[in-house]
Amino acid sequence: MRVPSKMASDSNTEDKQEVGNETLDEYRAAFDLFDANKNGQIDRKELTTLLQKLGKNPTKDEAKKIIKAVDKDRSGTINFAEFCELMTMQKTRSEVDQELQTAFQRFDHDGNGLISSSELKDTLTTLGDTLTDEEVDLVLSAVDVDHDGNINYEEFRLL
């Protein structure tokens, strides 16, 4: 059995990804674990418990927003199909985060967790973009939120 789930690859298009049997079984086990009252739905309290076990500490409003984002039938709860979509979205976010981390590490030559202006210029030059010092400073100032002269990972994610 395969459950299709829609994932927006960007704001204008949708791709259908299919969840394989093994993944579907894992999702079912997780769903059943957190469906405390065994009614086939995960409500806000059950979702909050799930997220807390994953190391998050959501507010009531945050939990409601998560439910609203996947609650296709507008029941105010998450059924199994909606849970599969939520889990697929989370997995996709994790993959994107991993790709961003890898890209950041390519710029961070000395591994200190910061991209300096020289590292930025060197990496962009290696990629074929020859920038002047002024252009590098312009990019750096646009991204350097904390104004320390470097780009940290959180600032890099904003790019």
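Five aromatic pairs turn up here, where rings of Phe, Tyr and Trp (its six-membered ring) pair if their centres lie within 6.5 Å. This is a predicted model, so to speak of local features we need pLDDT of at least 70, side-chain atom pairs count only at pLDDT 80 or more, and totals for chains, interfaces and linings use all residues. Residues are numbered from 1 along each chain as its sequence is written, and side-chain values use heavy atoms, with hydrogens and water left out.

Take F31 and F80. F31 sits in helix α1 (residues 21-34) and F80 in helix α4, so the pair ties together parts 49 residues apart in sequence. Helices here are DSSP runs (H or I, at least four residues), numbered from the N terminus.

Is F31 buried or exposed? Buried, at 1% relative accessibility. F80 is buried too, at 13%. The cut-offs: buried is under 20% relative accessible area, exposed over 50%, partly exposed in between, with a 1.4 Å probe and protein chains only.

The charged end of R28 sits over its ring, 3.7 Å from the centre. That call needs CZ of Arg or NZ of Lys within 6 Å of the ring centre and within 35 degrees of the ring normal.

Next, F104 and Y153. Their ring centres are 5.5 Å apart and the planes at 85°, so this pair is edge-to-face. F104 lies in α4 and Y153 in helix α7 (residues 153-157). Both count as buried, F104 at 3% and Y153 at 18%. F104, F107, Y153 and F156 form one aromatic cluster.

Definitions and conventions. Rings of Phe, Tyr and Trp (its six-membered ring) pair if their centres lie within 6.5 Å; planes under 30 degrees apart count as stacked, over 60 as edge-to-face and the rest as tilted. Helices (H or I, at least four residues) and strands (E, at least two) are DSSP runs, numbered from the N terminus.
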